[in-house]
Amino acid sequence: MMGAGRERMPTGAAGRLLRLGLMGAGVLGRNAVARVRKVGAPEGARAAIDRETHEANAARIFDAMTQMKGAFMKLGQMLSQQAHTLPEPYIRRLSDLQWEAPPMHGTLMRMQFRNETGKNPEDVFDEFEREPFAAASLGQVHRARLRSGERVAVKVQYPGIDRSIDSDFANLKAMLSTIRLSREQYGEVWEAVEEIRRHFHREVDYVQEADTIDEFRRLLRDRGDVEIPRVHREFSSRRVLTMEFLEGLHLRDYLRTKPTQEERDAAGTKLLDLFFRQAFDFALLHAEPHPGNYLFLEGGRIGLLDFGCSKRFERRWVDEHRDLFRIPIGDATELERHYLKFRFYDDRDPLSGRKRDALLRMHRLDISKYHEDRVFDFRDGAHLREVMESLQDLARLGLTQSGFVLYVRAKIGLYNLLHELGARVNCRRVSRRYV
Amino acid sequence: MGRRETKKEATQKKILDVSLALFQKEGFGKTAMRDIARKSGIALGTTYNYFPTKEHLALYFFERALDEVMARYRKEEPPDAPLEEKLFLLLSIELEKIAPYEEFLHLILTHAVVPTSRLHPSSLDSQRLKGRYLDFVGKLLEDSKDKGEFASYGFDSMILSAFWVFHLGIMMFWLNDASRKKEETYILLDKSLRFILNALRGKAPPRGRKPRR
Ligand SMILES: Nc1ncnc2c1ncn2[C@@H]1O[C@H](COP(=O)(O)OP(=O)(O)OP(=O)(O)O)[C@@H](O)[C@H]1O
């Protein structure tokens with residue numbers, strides 16, 4: 001053991017802080033320069049300067065994030081889906097993060113596995129591939145075979161991530177404060193960051209993920225067409241998750257097999273049904289609307305992965321939200337009553353008029369398809385774009401209640417998936433079972 | 001160790017084990033050769049024959065540790081791994097080897113700063129140890145060059161000296177690392193090796209070596 005009172009070198013945090021400090025200064029500097037350059041510049045040129053500055057800042061924040069891995073990876077990914085008020089270049093750079101994460105070589109991965117389970121992978125598995133077959137946001141996933149012959153996927157987390165979360169988030173907040181945003185935008189981003197931080201703490205813990213997987217498996221027991229991998233607890237820990245291997249294709253690869261329109265429609269219907277079932281029957285939502293988390297399996301079955309970030313809703317919230325689907329399209333009075341009850345705004349709110357209009361627009365855009373007994377074509381890109389814009393309006397007006405944000409985000413993530421899948425779905429037939 | 005231990009080695013090892021235990025318990029400065037001899041049941045004269053000073057003992061510890069580290073490395077070396085992985089393995093074996101002697105190493109460090117000490121980095125004995133270690137690392141570097149991982153820069157000896165300092169730095173960091181299972185050290189090791197070797201290769205850190213999702 002180490003002697004008492006001996007001075008210990010500050011680990012990790014200091015370096016990261018330093019890096020961020022330097023970078024933050026850089027961002028601040030650029031913003032300041034741009035502010036000066038903008039004075040007296042014509043309108044068009046101002047926008048260009050803003051854009052230039054944002055591009056440069058986005059690039060350096062992106063670089064720092066990719067290098068630091070850990071919290072930032074995940075955060076970047078989630079912010080890119082969530083913070084609709086971030087300037088566009090940030091969102092673009094942030095969404096790049098989804099596809100990259102530094103790898104662990106076999107020696108480090110083995111060591112992490114041993115630290116976690118007390119054994120080497122080769123002592124536990126019949127076969128274990130040293131090279132990962134997939135990247136995870138916090139680590140990587142390896143193929144293996146159990147002694148029983150069952151094929152499994154072993155997700156191994158990069159070491160030290162949980163330790164760095166809080167310091168990374170503190171840094172991120174410091175960094176965000178250097179981006180020029182309006183007060184409302186700021187509030188929006190801040191709240192998003194807080195919410196993500198809480199989720200993140202849960203997400204780094206694979207034991208919690210295993211619990212969620214078990215819960216979903218229980219809830220979806222009767223659904224032969226949805227597969228959720230079984231967890232092998234004896235080979236899992238907080239940072240290692242061993243689960244049944246799902247033999248399926250990601251969306252992109254699935255599309256390469258040229259599924260027929262009927263197959264796409266069937267898959268789309270299944271996915272939408274799954275969403276409603278979760279939100280309204282289970283009040284528990286798989287809140288990772290990222291296309292990588294869906295697998296298309298033999299016989300039209302759907303595989304669901306990644307339960308690190310699920311959201312539980314209060315029953316009351318779900319019940320009230322159900323009403324939203326029953327309000328006639330264009331019924332401003334009824335809708336307003338609903339949102340007042342939800343406390344989205346109140347009469348004294350100077351923005352109440354604009355908020356009501358924005359919510360009314362969103363309602364018309366989104367809910368119409370649940371009122372008409374006909375096939376809705378998700379291939380229509382204009383619709384998706386309009387819904388996104390409408391969501392941005394809501395965000396700009398500060399309508400970002402936390403449960404609402406996650407719910408809407410998951411829903412729009414799903415629409416996006418259905419769009420890319422090219423599915424046509426009779427939405428009413430799906431929703432009518434649940435709302 | 002592969003070959004049969006001779007009687008001499010058995011005696012040396014006995015003395016070493018006893019002294020390590022005493023150093024850890026009583027401190028390096030406070031332990032006398034006499035105590036070591038008495039505890040190991042070996043005549044004081046014989047003990048002095050093998051180890052004229054406590055510093056010789058400490059050096060013997062490092063020599064042996066190095067033998068064992070190299071032997072284990074040879075057994076575990078991943079054949080087609082890039083150099084950063086090989087060096088990571090080498091250093092992690094070293095760290096595992098010295099892990100039980102953490103307290104002793106802290107004591108040795110304070111001792112080693114005295115310029116007249118045999119343990120001082122510039123002493124002949126330390127240099128010999130360093131030479132053996134760097135020969136080993138040098139061979140790994142050669143291998144990687146043969147495989148076309150690097151160009152030849154013509155300053156290999158400088159690279160190796162720099163590596164020695166890096167390696168000592170990692171040890172120091174490890175000694176002061178209070179994280180769980182000292183994982184901060186391994187993160188530092190992983191990231192810095194990646195960084196250094198990419199710099200040597202003259203290219204930016206590789207992105208996207210990982211499979212696409
Ligand atoms: N049980 C499994 N069967 C087959 N493939 C799997 C399985 N689990 C994970 N994978 C593969 O690994 C990838 C990453 O896994 P997962 O989504 O669980 O990681 P993650 O760290 O939660 O990633 P992210 O949060 O970025 O989605 C998946 O997209 C999939 O390709």
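Analyst: Let's start with helix H6 (residues 102-112) of chain B and helix H8 (residues 156-175) of chain B, which pack with their axes 11 Å apart at an angle of about 120 degrees. That angle makes H6(B) oblique to H8(B) (under 35 degrees is roughly parallel, over 145 roughly antiparallel, 65 to 115 roughly perpendicular, and the rest oblique). Axes are lines fitted to C-alpha atoms, for helices over the stretch in contact, and angles run from 0 to 180 degrees between N-to-C directions. Helices (H or I, at least four residues) and strands (E, at least two) are DSSP runs, numbered from the N terminus.

This is a predicted model: local features need pLDDT of at least 70 and side-chain atom pairs pLDDT 80 or more, while totals for chains, interfaces and linings use all residues. Residues are numbered from 1 along each chain as its sequence is written, chains are lettered from A and ligands numbered from 1 in the order written, and side-chain values use heavy atoms, leaving out hydrogens and water.

The crossing of H6(B) and H8(B) is left-handed, meaning the near helix is turned anticlockwise from the far one by less than a right angle; clockwise would be right-handed. On the H6(B) side, Glu102(B), Leu105(B), His106(B) and Leu109(B) meet Met172(B), Trp174(B) and Leu175(B) of H8(B), where contact means heavy atoms within 4.5 Å. These contact residues divide into five nonpolar, one polar and one charged (Ala, Val, Leu, Ile, Met, Phe, Trp, Tyr, Cys and Pro count as nonpolar, Asp, Glu, Lys and Arg as charged, and the others, Gly among them, as polar).

Now try another pair in chain B. The axes of helix H4 (residues 54-76) of chain B and helix H5 (residues 83-98) of chain B cross at roughly 135 degrees and come within 9 Å. H4(B) and H5(B) are therefore oblique to each other, but their crossing is right-handed. Among the residues that meet are Ala65(B), Val69(B) and Tyr73(B) from H4(B), and Leu89(B), Leu90(B) and Ile93(B) from H5(B). In this contact, six residues are nonpolar, no residue is polar and seven are charged.

Strands pack too. Five of the seven residues of strand S3 (residues 139-145) of chain A are buried, so S3(A) is largely enclosed by the rest of the structure (buried means under 20% relative accessible area, exposed over 50%, partly exposed in between, with a 1.4 Å probe and protein chains only). S3(A) pairs antiparallel with strand S4 (residues 151-157) of chain A over seven bridges; pairing needs at least two DSSP bridges.
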